Each structure stands twice: as C-alpha cells, then as structure tokens.
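Subject: Structure handover

Hello,

Here is the structure for you to look at. My notes on what was found in it come after.

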Amino acid sequence: MMRNLNEVLKISFSAFFADLGYQAAVVMFPLIFVFYLGAPMWLYGVAEAINYGLGSLMAFLGGLAGDRFGRRRMAVLGNAIIISVSLLGFARYWWQALLIFMVGWWFRNFRTPPRRAMMTEVTDPGERNEAFGILHALDIAGAALSITYTAILLFVKFPVEYLLLISAAPLVVSTLLIALVNAGHHANAGSASFMELRGLGRALWLIVVSTFFFGFSQYSFGFPVITTAEFTHEDYLAVVTYGVFLAASAVFGYVFGKSRVNEYTGLSYLGYLLGVFASLGFALLSPMGVTGIYPSAFLLGVAVAATETFEPTIVSKLAPEERMGMGMGLLSFGRSIGIFLANTIMGLLYQLHYSYAYYFAAASSFTAFLIVRLLLMRVVVGGGQLR
C-alpha cells in the first residue's frame, strides 16, 4: 500500500477530469482547422508545431516556476487556464482556432512538470512506477471517455460549438482537485543555474535526448485523425481512431506501472521500438481503412503508455529532489521540441504524400531506441543503478 495513496489519487483524478475536458478540443482541432476552416496540411503542421514547440518552453518554465514559487500554485494556475480550449468551436477563421487552442495547450504543458514533481513528493522511489502508471491510466481513461462522448455527439449531429463548451465543466473539477493536494506547498530559494543543469548527470541528459527523438514519432495525433477522415469520409470514425489510441494507452499505462519490467528495457522496447511499428502501420495500412488504421493506433497507444510510465520514473531517480521540477521540465522540453520539429516536417511531407510523414516518424523512433540501447545502457549497471 502506498504511504500517500489519497494524494496520489487526487493528482491522478485531477488528470482524469482535465483530459475528460480538453481532449475533446484536441481531437476536434485538426478537423476544425483543416476540414471546417479549410487550412492546408502544411499550415496544420506549422500550427501544431507552434502549439507543441512553444508549449515545450512553457513546460520547462513550468518546472522551474514550480521549484521557485511552489509546485501546487503553478499547477493550479496552469490547469485553470486550460479552460480556454472550450471556446474552440466558436472560431470562424483558422487563426482564431489556432490562438484559442494554443493558449490552453501551452498552459496544459506549463502545469504538467509541477504536477509530476508533486507526485514524487507523495511517493517513495519504489512506489513511483505504480504511481505514474496510475496517473497515466486515469489521465488517458478521462481522455478516452472524452473521445467517446465527442464521437457520439458528432454521430447525432450535435453542434460542435456546444459540444466543446461542455468540456469546461470537468476542467473546473480538475482544477479544484489539484488545489486540494497536500503537496507542492514549499518553494526553493533561487533559480536553476547553468551549472545545475550541467550537473544533472549524463544519464538524465541521454533520456532527454532520446525523448527528443521519440517526439519525432509522437507527432500530434491529429495526423492519424486526418488520415482516417480522408480514407473513411466520416468525422466520427476519425474521432474513434483517437479513442482506440487512448484506450490502449490507459490500459497499458496501468499494466506497465504494476509490472516489474526494468525501466530502461521497457522504455526502449515497449516504448520506442513499438512506436516504429505503429508509424509503419499508418504508412502502409491506412488505405485499408479502419481495419488498418485502428490496429496502428492501438500500437502507438501502447508505445506512449510505456514512455509516459518509464520516462518520468527514470527521471525521478536521476534528478536531485530539490530540482525535481526542473528534471520533469527537461523531460517535457525534450519531448516537445521533438514534436515541434516533427509536426513541421510531417506537415510538409504529408502535403506530398501521407505515407512520407509516417516513414519519417518511424525512422525517428528507431533513432530513440538506438540511443537508449547503445548509449544509455552503457552508463547503467546491474539493477538499473547508475555509476
């Protein structure tokens, strides 16, 4: 039994309600931007690069701000501003849709590292695999339910404006829950220096670099959503693609959290390598329709579950306790910079042919796999302990 199970559940259910709200906007953004408002695919790639790229900076700043001003305070601030995405359905021009979604997504990233750091405060090192697995499982379970009601409401032709407005209610509940967590009260005097960044250790930096390359393959899931819409000509089937991805991610996030798989092995094989096969599936099987797309979405969900469970667990054991927020911020920063570049490149490649974008993602994920297996494992000795 975890020593602070109640606090773990507060943090995890805050994530559940947050995703129950904003994931409706996440899955609708590519459909609204490309199909409803008529933006070209290359511009969609640029838009998602802005969302994730500047979001990466917000994640890093959120980690630093959490250490400096108090993790709970920063987590509550960021979580409260996510509610802006509920207005996405009222956008009438592509730049309005981008602005509305961008603000909410930036602050979603801002609050993630302080929230993860709060999780490390209420758990012992040996409990963190399970704790982050619970967090990811409830996080994605909320997202899966969000996709379910979105798909149903689209199927019955419910107005998109009001569909997204509904998402405000669970976001309010999420913010209240994170405010009730008994952690993250204290701030550390001073701010992180360059020397502190250098002193975080070679292994932690290798994780940041590997997640940067995996970010190339963990592109905005809007691309598979758009691919599904193009091959099936049904918006609700496109939304269900995201639901398949999230359901797989939720289930396997919990499974990986309870397992005794070595973090480095799980990250490389179940995360990065499996991501290679998922992207190849989108490239080769999409013309088959949902019978080819849904299994690929499932595989990508399993891969993301592995990274979301094992990456923060590894970082929590490598980063100093007083700079845990900075360590989690670097993790988000590395991933998001990779996603930033990936979305730009994938948008341009997709404009030429959809498969080129997914081949690029597969190659990048394989690079992340090689980094962990060939470089990171050299600084890890038996039992996952560092030299």
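In which loop does histidine 233 lie? It is the loop between helix H10 (222-232) and helix H11 (235-258). Before the rest, please note that this is a predicted model.

Backbone

Histidine 233 has a phi near 60 degrees, which is a positive value in a residue other than glycine. Its relative accessible area is 65%; the cut-off for exposed is over 50%, so histidine 233 counts as exposed.

Lysine 157 is another residue to look at, with phi near 65 degrees, again positive in a residue other than glycine. Lysine 157 is placed in the loop between helix H5 (128-155) and helix H6 (160-165). Is lysine 157 buried or exposed? With a relative accessibility of 69%, lysine 157 is exposed.

The chain as a whole

There are 15 helices and two strands in the chain. Of its 387 residues, 60% are buried. If you take the contacts in the chain with a separation of 6 or more, 85% of them are between residues 24 or more positions apart. The accessible surface of the chain is about 14,400 Å², and carbon and sulfur atoms account for 69% of that surface.

Helix packing around H4

Two helix pairs that involve H4 were examined. For helix H2 (residues 41-69) and H4, the axes come within 7 Å and the crossing angle is roughly 30 degrees. Angles under 35 degrees count as roughly parallel, and H2 and H4 are therefore described as roughly parallel to each other. The crossing of H2 past H4 is right-handed.

How do the axes of helix H3 (residues 71-81) and H4 cross, and within what distance do they come? They cross at roughly 150 degrees and come within 7 Å. The cut-off for roughly antiparallel is over 145 degrees, so H3 is roughly antiparallel to H4. H3 passes H4 in a left-handed crossing. On the H3 side, the residues that make the contact include Arg71, Met74, Leu77 and Ile81; on the H4 side, they include Val103, Phe107, Phe110, Pro114 and Met118.

Aromatic pairs

How many aromatic pairs does the structure hold? The number is 28. One of them is formed by phenylalanine 16 and phenylalanine 17, with 5.1 Å from centre to centre and 85 degrees between the planes, an edge-to-face arrangement. Phenylalanine 16 is buried, at 13% relative accessibility, whereas phenylalanine 17 is partly exposed, with a relative accessible area of 23%. The cut-off for buried is under 20%, which is why phenylalanine 16 counts as buried at its 13%.

Tyrosine 22 and tryptophan 105 have ring centres 6.0 Å apart and planes at 80 degrees, so this pair is edge-to-face. Tyrosine 22 is in helix H1 (residues 5-36) and tryptophan 105 is in helix H4 (residues 94-121), so the pair ties together parts 83 residues apart in sequence. Tyrosine 22 and tryptophan 105 are both buried.

Regards

Note on methods:
Residues are numbered from 1 along each chain as its sequence is written. This is a predicted model: local features need pLDDT of at least 70, side-chain atom pairs count only at pLDDT 80 or more; totals for chains, interfaces and linings use all residues. Side-chain values use heavy atoms; hydrogens and water are left out. Rings of Phe, Tyr and Trp (its six-membered ring) pair if their centres lie within 6.5 Å; planes under 30 degrees apart count as stacked, over 60 as edge-to-face and the rest as tilted. Buried means under 20% relative accessible area, exposed over 50%, partly exposed in between (1.4 Å probe, protein chains only). Helices (H or I, at least four residues) and strands (E, at least two) are DSSP runs, numbered from the N terminus. Contact means heavy atoms within 4.5 Å. Accessible areas come from the Shrake-Rupley method with a 1.4 Å probe; for residues, only the protein chains shown count as cover. Axes are lines fitted to C-alpha atoms, for helices over the stretch in contact, and angles run from 0 to 180 degrees between N-to-C directions. Angles under 35 degrees count as roughly parallel, over 145 as roughly antiparallel, 65 to 115 as roughly perpendicular and the rest as oblique. A crossing is left-handed if the near helix is turned anticlockwise from the far one by less than a right angle, and right-handed if clockwise.
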